[in-house]
Amino acid sequence: MTTVRIPAGWPATEAQARAVQDELRGRVVLDEPGPPPGTGRVTGVDVAYDDERDVVVAAAVVLDAATLDVVAESTAVGRVPFPYVPGLLAFRELPAVLAALDALPCEPGLVVCDGYGLAHPRRFGLAAHLGVLTGLPTIGVAKNPFTFAYEEPDAPRGSSSPLLAGEEEVGRALRTQQDVKPVFVSVGHRVSLDNACAHTLRLAPRFRLPETTRRADALCRKALKATEYVV
């Protein structure tokens with residue numbers, strides 16, 4: 001397990017964090033389609049917290065995009081570097097997530113975040129922030145719609161409806177399983193929304209959540225439980 005070091009100059013206040021979002025938001029690339037679903041590698045990232053010890057653990061799990069078999073995995077542990085503030089969660093998670101990605105023995109390919117990209121009040125959620133910092137294609141697949149509006153997609157698997165901020169489409173509610181609550185997909189960096197939805201469906205053949213998220217969630221929880229890390 002890799003030990004996370006908080007980068008020098010990491011924001012310590014809400015104002016500093018929002019300034020970083022404003023500075024980096026314009027670097028998001030929205031005019032690339034991204035890798036075709038079912039090709040290359042795809043990586044899930046997720047984090048787990050121990051609030052009593054002020055510890056965060058991140059996991060990165062690389063899957064073969066065609067078979068969904070695990071290719072590689074890594075974890076990283078460190079102190080929580082930022083307080084809990086809605087809309088600024090990336091500043092709590094990114095140092096650990098970046099460390100876990102850096103510890104992988106292979107290139108991650110498309111990265112799937114358990115959270116948001118453009119579907120964010122400042123249009124710069126975790127998936128977008130991670131994409132800009134790494135240059136990797138990224139998408140966000142969230143469990144709830146955050147503050148955005150949507151109409152229920154039709155019942156069949158693959159049905160979708162726009163996730164809206166007023167009249168602006170910031171993502172999609174996507175039904176990954178018949179008659180099961182949708183997930184909420186948004187672009188992070190260097191991937192189109194259509195392609196992000198196609199990847200999500202490909203990664204969720206049996207369950208509501210994509211296998212990338214399921215595997216990364218299980219690994220970071222296991223690592224957090226097993227660690228003897230002392231801060």
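**Reading a residue and a strand**

Tutor: Happy to! Keep in mind that this is a predicted model. Let's start with Thr43, which touches Ala60, Val61, Val62, Leu101, Leu104, Pro108, Leu110, Val111, Val112 and Thr212, leaving aside residues up to four places away in sequence.

Student: Where in the fold is Thr43 found?

Tutor: Look along strand β2, residues 41-50: Thr43 is part of it.

Student: Is Thr43 buried or exposed?

Tutor: For this we look at relative accessibility, and under 20% counts as buried. Thr43 has 0% relative accessibility, so it is buried.

Student: Which backbone atom lies 2.8 Å from a polar atom of the Thr43 side chain?

Tutor: That is the backbone oxygen of Pro108. Pro108 is also among the residues that Thr43 touches.

Student: Now a whole strand, please. Why is β8 described as largely enclosed?

Tutor: Here we apply the burial idea residue by residue. Strand β8 covers residues 168-174, and because five of its seven residues are buried, the rest of the structure largely encloses it.

Student: How does β8 pair with strand β7?

Tutor: To read a pairing, check the direction and the bridges. β7 (residues 160-165) and β8 are antiparallel, with six bridges. Ser160, for example, sits opposite Leu174 in β8. The two strands make a hairpin with two residues between them, and Gly166 in the turn has a positive phi of about 70°.

Student: Which residue of β9 stands opposite Arg172?

Tutor: It is Val185. Strand β9, residues 183-189, runs antiparallel to β8, and three bridges join them.

Notes
Residues numbered from 1 in each chain as written. Predicted model: local features only at pLDDT ≥ 70, side-chain atom pairs only at ≥ 80, totals over all residues. Heavy atoms only, no water. Helix = DSSP H or I, 4+ residues; strand = E, 2+ residues; numbered from the N terminus. Buried < 20%, exposed > 50% of the residue type's maximum accessible area, 1.4 Å probe, protein only. Polar contact = N/O pair within 3.5 Å; in protein donor to acceptor, adjacent residues only side chain to side chain. Contact = heavy atoms within 4.5 Å. Pairing = 2+ DSSP bridges.
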